[in-house]
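Here are my notes on the charged pairs and the nonpolar packing. Please read them with the model open.

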Amino acid sequence: MTHSYALEELGSKGFEQLAVALAATVTGPGIEVFGSGKDGGREATFTGTINWSTAGDDDAQWTGYTVIQAKHQEHLGSTAENLSWLKSQILKELADWMRSDSKRQHIPENVLFVTNTRLSAVAEVGGVDQINKFLQEQLVRDHGTGSRKRTLQKLGVRRLKVWHRDYLNAVISANSSIRTAFPALLTAGDVLAALNFIPGIEPEYFRTILLDHAQEAMRFDRWVRFDDAGDSTTDKKSVERIMFDLHALDAGGRISAIAACIERGDAVLRNSVWFPQGPRHLVLTGAPGNGKSTLTKYLTQIYRSRFIKGHATDAIATSVGADTVTSLQRNGISPPICQRWPLRVELAPMADAMGPDGGGPSLRRWLCDLINKRSGISIEPMTLDKWLKAWPCALLFDGLDEVTHPKVRDRVLEEIRALVDRADSMDADLFVVVTTRPTGYTERLLPDHFDQLDLDYFTRDEAARYGEHIIRQRFDEDPDFSTVIRDRFQLAITDATTDHLLTTPLQVLILTVILAGQPVLPKHRYQLFWTYFDVIYKREAAKPTTFRLFFQEHKGHITELHELVGNYLQIQSETSGEIHPRLPIGDLRNLAVERLESTGYTPDEAKHLAEQMVRVAMQRLVLLVADEDQTVSFDVRSFQELMAGRALATQGDSDAVRHNLKATACSPHWRNAWLFAAGLLFTQGDTTRALVIEVVEQCDSDGHWPGWLYPAGPELAAQLLEDSVAADRPNDQRRLIDVVLRCLSGPMIEDPRTVARGLTTAAKRTASRATIRNAIKDALAGTPANHAIAATILYYGSLGPWIAGQPHDLRQYADMWTGRRLEGTEVRLSALLRPSLTAWADGETGTAATRLKDALPGLNDLVLVRDSVGNLLPVGAFKPLGADLLDALSDPDCEELLSICLGELEPGEWTARSLLARSAWSIIAKKPVSQRLQSR
């Protein structure tokens, strides 16, 4: 029996996939599918013979080059309107082929249009006969000018054909595998049949259970608290009220991150129908405070709202669902079409439970436990598998960057990979999103499965609109005060020096808190976060509470307690592998007592004051929050890093500060804390500013970091430039620029966006811009390595007009390190280095050469490809170095010899050194450095 399917609910992307899948049932193997974007008028093509009788069609056999085009009509009208719409769509496509300046080079012999348009079947006058007549007319229609006749037939097009809605309904009804692959085509009977195999659960109740789970979660998981920015813990808003569209960078440019996720989720992500083959899932990277967690919370709520639509039984969930749709409209984003069931997972607690030794729960078990917390039944992993196979789902994993312990991180990544592989083996329609802080290109997360979107900073206009929106939300019950803050904010954003303070949602939010307490603007990121703390402190000290006098008398001690806790937790998360570091409340009291006693208080006095300090810190300032297990932590990691940074800059005498800055300068784990420390020191005078710059200049040669292999100084200096700490000190800025420009010598920088942003910020000053552009110009005319690095910086930066020697296609250089699989002759890094090491095996260097040769198998996974023109390009995912090679590099003689051998490579083989440097970085960067810190 033929069923009428809701083809509109597939969306345009899903319908394109359906068109390709249906065409493939007729053409058989050999169909070539094109991805999203400019496809040149093609969803798919086929070259060969098409026997239409296999599809129950009485049309003649087709031969030659065939193009398949999908035409999806979102809103159907009358049959006459549908016919008119379809004709206009076909005319547009044919006109694109007929234009004399058309970029569609390969003219097809045959074109198949696949549409969901409903046409009347009345003989001769109905839409079906009318469209067939129309197609025949188009073959001979003259598109020429004057006496020159130009028709589709003259170009070589012989046949045009339309598969309309009634035809599709018949084919889909007869093809259960197609219906199973496209959830919008499933009938109630199809779903129940699929669920019938779930053990221990009656299928007719199972979706109801998950509907109840979605509604329950919408009631309790939707809150975003403004206490992250210093407000009361009772000040919370539902995420759809405060969510603001975030933009991201992908290969095609700047796009809406929310819309990109929804668009990907609207596709059918089953392995069997994902065309073209390639990554289906998404990694979202973002700087601290860039809104990653809020985004995943919002996406989860969007999918829950869609899942319960028309089936909700809870009044609050219904209201929240309607508000969520309204918020999408406010941001100019279309709601999802695919009815995915979502689940959001915070990776830090999951990783804590898993542990490094494999003794904790698996990912699938953890997902089941999350469902069970809000369900009336007990879900087992096998049950979850059946549900994933039967219904489209979305899993959103938030906070991979908080999983810092290498072994735990490896396990989490392997669990995610295993889940995706398992879903593929079941042909499940699963959409996975993972968020993390940027790590450069060394660790492209599972590149075979995941595309990457990098959340971009706010533009000034976006920051202004977000600030306006968040002020309305925060002060909606006090419109007069809201107007005052809005006026202050409008004045603030007109100051060009605030550009770097308006780049992330958290920074804009903090600025609104600051402006509520004072009209004075901070100048750089450290001052922004510290002024926020000061404003919150003064606000609490001014309140008529029993703590008022205590606030006034003990600000120094309270501040130092936050610094001690920040430093303790920063060290703990690095050395112990704890994902979300916590401090027992008893230890917090002991820290306070020890600090007070060290300043001269008696034990009894110190104990009494410490109790009050702990209460003030946890109940009034709300940076430190109490956890359920009688521990405390910073709810927002940036504030932990702020306090740890102050500890680096204040603990001990000047020699200890210098030592601690040097010890942590190159560590990614300490980077944000180090930048906060540098920001503080830049406010304290010439001597401390000089100290910071000296550490940056020397960090690659002080013995703690293999700067000969991978310099860390350029990226560190670039981040200081981006923070604008030296914006009013031209000499200091010039020294930092000189350090950044060292990166032009190679290897390829780990995070070119950071370097480009730093140089872009510095280039606002005319003299600095000239220095930077001259260095880029020289690099473009230099070695292949110099040229490629300069081109990559130009791609990501804004450094003025075209520079002599600048290539037209900058993107090719930025794309070199994205883990793509390339065609060409494989070259292993070990094979490149072996001849040089063999030549050095005799003489004084023999021992080091032999040791390095023995360790070369550790480079076997580092593969490059030599393409047809001789370029040596990295291929596939980056792999860490083998343990033997890392051990050998701890020997200075081996280090020096390896450096010499790398220098003997041909200039065109510069990518080999960069590949080695990046792979070494992925290991060296994770080594703890806190054991070298000097305490007070």
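1. Asp891 and Arg851 form a salt bridge, with 3.4 Å between the closest N and O atoms. This is a predicted model. The pair links distant parts of the chain, 40 residues apart. Asp891 sits in the loop between helix H37 (883-888) and helix H38 (892-903). Arg851 belongs to helix H36 (residues 846-855). Asp891 is partly exposed, at 21% relative accessible area. Arg851 is partly exposed as well, at 31%.

2. Some salt bridges share partners. Asp401, Arg437, Arg637 and Glu641 are joined this way into one network. Across the whole structure, a search finds 41 salt bridges.

3. Is Asp401 buried or exposed? Asp401 is buried, because its relative accessible area of 12% falls under the 20% cut-off. Arg637 is partly exposed, at 24%.

4. Lys538 pairs with Asp534 in a salt bridge, the closest N and O atoms being 3.1 Å apart. Both residues lie in helix H20. They are four residues apart, so about one helical turn separates them. Lys538 is partly exposed, with a relative accessibility of 48%. Asp534 is buried, at 13%.

5. Now the packing. In soluble globular proteins, nonpolar side chains tend to be buried together. Here, the largest nonpolar core has 197 residues. Which residues have the most contacts inside it? They are Ile258, Trp674, Ile776, Ile793 and Leu916. Helix H20 (residues 525-542) supplies the largest share of this core, ten residues.

6. Take Ile258 as a worked case. Neighbours within four places in sequence are left aside here. The contacts of Ile258 then include Met243, Phe244, Asp245 and Leu246. Leu295, Tyr298, Leu299 and Ile302 are also in contact with Ile258.

7. Another core lies apart from the largest one and has 47 residues. Among them are Phe307, Leu395, Phe397 and Leu445.

Notes
Residues are numbered from 1 along each chain as its sequence is written. This is a predicted model: local features need pLDDT of at least 70, side-chain atom pairs count only at pLDDT 80 or more; totals for chains, interfaces and linings use all residues. Side-chain values use heavy atoms; hydrogens and water are left out. A nonpolar core is a set of buried Ala, Val, Leu, Ile, Met, Phe, Trp, Tyr and Cys residues joined through side-chain atoms within 4.5 Å. Buried means under 20% relative accessible area, exposed over 50%, partly exposed in between (1.4 Å probe, protein chains only). Helices (H or I, at least four residues) and strands (E, at least two) are DSSP runs, numbered from the N terminus. Contact means heavy atoms within 4.5 Å. A salt bridge is a side-chain nitrogen of Lys or Arg within 4 Å of a carboxyl oxygen of Asp or Glu.
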